[in-house]
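Hi,

Here is the structure I said I'd pass along. Have a look at it first, and my notes on what turned up follow below.

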Amino acid sequence: MTSHETGYAAERAVLRHHGDVDATPGLVDFAVNVRADRPPRWLRDRLAAALDALGSYPSAELDARARQAVADRHHRHPDHVVILNGAAEGFALLPVLRPRLAAVVHPGFTEPEVALADAGVPVHRVLLAAEDGYALRPELVPADADLVVIGNPTNPTSVLHPAEVLRGLARPGRVLVVDEAFADAVPGEPESLAAAADVPGLLVLRSLTKTWALPGLRAGYALGDPALLARLTRHRPPWPVGTLTLEAVLACSQPAALAHAAELADQAVAHRAELLAALATVPGLRVEAAPRGPFVLLRVPDGELVRAELRRRGMAVRRADTFPGLTRDHLRVAVRPPEVAGPLVAALAEVCAEVCAQLRPGVAARVEVRG
Ligand SMILES: Cc1ncc(COP(=O)(O)O)c(C=O)c1O
């Protein structure tokens with residue numbers, strides 16, 4: 001291996017770090033942004049009832065029904081829908097579009113960059129700044145980027161970008177990928193572009209993983225113009241997604257499931273408000289940006305030490321220094337019900353006070369808290 005290759009391998013390993021590595025069994029998990037530890041009963045029952053169908057290949061008819069259900073849910077034509085093995089499959093497919101220059105907005109989910117860089121696509125990192133509240137500054141996106149990737153709401157900052165600003169990134173000859181893996185956790189999905197059939201080159205990726213606590217299944221879908229979807233999926237194998245994935249997408253797109261998701265999104269907002277109020281009392285800790293997703297990005301003094309101390313107390317939070325643009329003092333915390341989050345905030349208060357006292361006696365009392 002050349003030193004360049006070794007450098008890339010090391011950087012790739014960092015970019016491929018995910019919260020599940022931080023959340024070792026036995027710890028209370030604030031590291032993984034999945035809403036619960038298992039799917040709701042009705043969804044498990046539905047999947048269990050489909051097990052006998054595993055005796056046949058996934059049917060084109062079920063695929064069509066799943067795409068129709070997604071299309072109905074987002075007011076699109078079924079030809080604008082492709083069912084995926086999670087949003088992650090959508091990222092893995094991007095290199096087949098043969099972009100000449102990809103712009104990936106950071107801090108953001110790192111898998112799109114890994115997929116593109118692995119395929120030899122030049123990647124420009126668009127780094128948003130804490131001073132701007134991690135708001136998107138469109139002028140930072142290179143004019144010649146023919147592929148742009150951004151998350152909305154963005155993991156890990158939890159910032160929700162205005163749909164109008166995202167629309168403004170579309171250009172003739174450019175594919176605009178909006179990762180909406182967390183969009184269903186925002187009540188009413190006000191900034192979603194899932195229904196926007198009028199934006200040229202737009203590819204919206206959605207996930208069932210987070211709200212439905214379904215990471216083990218791999219289920220999501222892409223929404224876009226049929227010609228773009230055909231290019232994206234041209235090298236997929238036959239029967240690209242399994243019957244249970246199709247069944248889950250169909251089930252989670254029904255009106256009753258959408259009503260359930262809406263309730264869960266409202267609940268997440270209430271839990272987040274309680275969490276933010278509690279965090280505001282923790283000296284030395286700052287909430288970065290205004291969170292709109294089911295997780296918050298924190299900045300603490302000596303994040304590595306704080307994280308280790310929390311682990312000692314039985315709690316896992318996500319290190320965030322693996323996201324380009326963030327530091328070892330950034331931590332990401334999933335929104336959980338107050339009875340689960342309360343002990344975390346208490347532990348953070350204790351640990352931050354200790355760390356602040358060690359770093360600079362007296363600093364704990366003076367550190368700014370921003371909500
Ligand atoms: C922002 C974001 N997008 C996409 C994904 C992947 O979603 P899926 O599980 O549907 O592949 C994740 C998973 O962590 C994520 O955080």
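Let's start with a pair of helices: α10 (residues 255–279) and α12 (residues 338–359) pack at an angle of about 20°, with their axes 10 Å apart. That angle makes α10 roughly parallel to α12, as angles under 35 degrees count as roughly parallel, over 145 as roughly antiparallel, 65 to 115 as roughly perpendicular and the rest as oblique. For the record, axes are lines fitted to C-alpha atoms, for helices over the stretch in contact, and angles run from 0 to 180 degrees between N-to-C directions. Helices (H or I, at least four residues) and strands (E, at least two) are DSSP runs, numbered from the N terminus.

Before going on, a word on what you're looking at. This is a predicted model, where local features need pLDDT of at least 70 and side-chain atom pairs count only at pLDDT 80 or more, while totals for chains, interfaces and linings use all residues. Residues are numbered from 1 along each chain as its sequence is written, and side-chain values use heavy atoms, with hydrogens and water left out.

Back to the helices. α10 passes α12 in a right-handed crossing (left-handed if the near helix is turned anticlockwise from the far one by less than a right angle, right-handed if clockwise). On the α10 side the contact is made by H271, E274, L275, A278 and L279, and on the α12 side by P338, A341, V345 and L348; contact means heavy atoms within 4.5 Å. Sorted by class, that contact has seven nonpolar, one polar and one charged residues. Here Ala, Val, Leu, Ile, Met, Phe, Trp, Tyr, Cys and Pro count as nonpolar, Asp, Glu, Lys and Arg as charged, and the others, Gly among them, as polar.

α12 also packs with α11 (residues 303–312), at an angle of about 135° and with the axes 10 Å apart. α11 and α12 are therefore oblique to each other, and the crossing is right-handed. L305, V306, E309 and L310 of α11 make this contact with L344, A347, L348, V351, E354, V355 and Q358 of α12. It has eight nonpolar, one polar and two charged residues.

Elsewhere, the axes of α4 (residues 60–74) and α9 (residues 243–252) come within 8 Å and cross at roughly 30°. These two are therefore roughly parallel to each other, and α4 passes α9 in a left-handed crossing. From α4, L62, D63, R65, A66, A69 and V70 meet T243, L246, E247, V249 and L250 in α9. That gives seven nonpolar, one polar and three charged residues.

A88 uses a backbone N or O atom, 2.8 Å from an oxygen atom of the ligand. The cut-off for a polar contact is a pair of N or O atoms within 3.5 Å.

Lastly, some backbone details:

- H106 and P107 are joined by a cis peptide bond, with omega about -5°; P107 is in the loop between β3 (102–106) and α6 (111–118).
- N152 and P153 are joined by a cis peptide bond, with omega about -10°; P153 is in the loop between β5 (147–151) and α7 (163–167).
- A213, a residue other than glycine, has a positive phi near 50°, and lies in the loop between β7 (202–207) and β8 (220–224).

Cheers

Terms used: Polar contact = N/O pair within 3.5 Å; in protein donor to acceptor, adjacent residues only side chain to side chain.
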